[in-house]
Amino acid sequence: MLIKRLLLNDRGGAIVLALIAAMMVLIPILNLAVPASSPFHVSTFTVTLLGKFLCYALLALSVDLIWGYCGILSLGQGAFFALGGYAMGMYLMRQIGARGQYGNAELPDFMVFLNWDHLPWYWHGFDSFGFTLLMIVLVPGLLAFVFGWLAFRSRVTGVYFSIITQALTYALMLAFFRNEMGFGGNNGLTDFKDILGQPIASDATRIALFLSSGTALILAYVACRYIVTSRFGRIVISIRDAESRTRFCGYKVESYKLWIFVFSSVLAGIAGALYVPQVGIINPGEFSPLNSIELVVWVATGGRGTLFGAIVGAFSVNYGKTLFTSYSPETWLFALGSLFVIVTLLLPKGLVGLFGRTKKSESAHETLEEEALDNTTPATGDTKILAEQK
């Protein structure tokens, strides 16, 4: 009932969620039940690719929540995504055990290679899946809380907030590149073998990860929709539209901004944790500021401030990236920049805004036709009267 009520006035969101749910039913059947020789068979590679897109959509959703509804343009969302990914990566590395190249059950291969003699304290506990889930939520959320509390308390807003979030993710990238940090340095964490005792490369595991990503995205969408339609969400939107007036009305603006920032960061961390076992690697490149900027392009392309537009943008841009980089990978960044300029100038409401404009045009056209019919009806009546008089 709650979901039905939340989606009552959200036709676009209902359509997108229905498509995702249909995909979650059809893809496993077409992958596991249909033989590989059939033209309807969906390969495991495609399943992994779609699972990755679902993670990207969840990440874009987190950006849209804070940017589209609270007006905070965070260019460091990729950092929280990477932290969630590293937490999952540490768990997967601990599952390798003695099957690494050096056969050391206690230390990951890169630590043996760097002559480490014991496991760092912050690696303890990651052999437990429950502890890992806790860290996936806690680490990005705690960093966002501390960073946001300092920034919002100092009333850092606008472009200044964007710059310092970008500086944050850049600093983390430089730190994780260092071998002394104990996160694999430049190579990161890779060579994963199992997750929850199941081979990570098997078809069944890939399907399970795909379904987990789809479920997380649907739950996150419902949670975000609940937030933005609640009283809390209305205050957040008022902060976006008139921050000073909202503050003068007695609301603690900084507290609202802080909690929406923390929640979006947790969503980004969950997306990163689901992403890593599907792509098989996490390295400091995920902290790159360029990644965070690309997220903004996804949301702007789909439609800022609509939630489902972020999902549409993440899927469309990344699908285009997959196709484009197959033919001309060196020109992809130019294409991405051009796309951002085109969307900004011609489609300020993104692709979903274009759909809305089409519907609006159709509605206006129908209204004009009805008005024309209304105007011609008396004339027809007059014609009949004149004909009778004759």
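Student: Are Tyr 56 and Trp 298 buried or exposed?

Tutor: Tyr 56 is buried, and Trp 298 is too. Buried means under 20% relative accessible area, exposed over 50%, and partly exposed in between, with a 1.4 Å probe and protein chains only. Keep in mind that this is a predicted model, where local features need pLDDT of at least 70, side-chain atom pairs count only at pLDDT 80 or more, and totals for chains, interfaces and linings use all residues. Residues are numbered from 1 along each chain as its sequence is written, and side-chain values use heavy atoms, leaving out hydrogens and water.

Student: How many aromatic pairs are there by this rule?

Tutor: The rule first: rings of Phe, Tyr and Trp (its six-membered ring) pair if their centres lie within 6.5 Å; planes under 30 degrees apart are stacked, over 60 edge-to-face, and the rest tilted. The count here is 24 aromatic pairs. Take Tyr 56 and Trp 298: their ring centres are 5.0 Å apart and the planes sit at 55°, so that pair is tilted.

Student: Which parts does the pair of Tyr 56 and Trp 298 tie together?

Tutor: Helices are DSSP runs (H or I, at least four residues), numbered from the N terminus. Tyr 56 lies in helix H3 (residues 44-68) and Trp 298 in helix H12 (residues 289-302), so the pair ties together parts 242 residues apart in sequence. Another tilted pair is Phe 232 with Tyr 256, at 5.2 Å centre to centre and 40° between the planes. Phe 232 is in helix H9 (residues 231-241) and Tyr 256 in helix H11 (residues 253-279).

Student: Why does Phe 232 count as partly exposed?

Tutor: Because its relative accessibility is 28%. Tyr 256, at 16%, counts as buried.

Methods:
Helix = DSSP H or I, 4+ residues; strand = E, 2+ residues; numbered from the N terminus.
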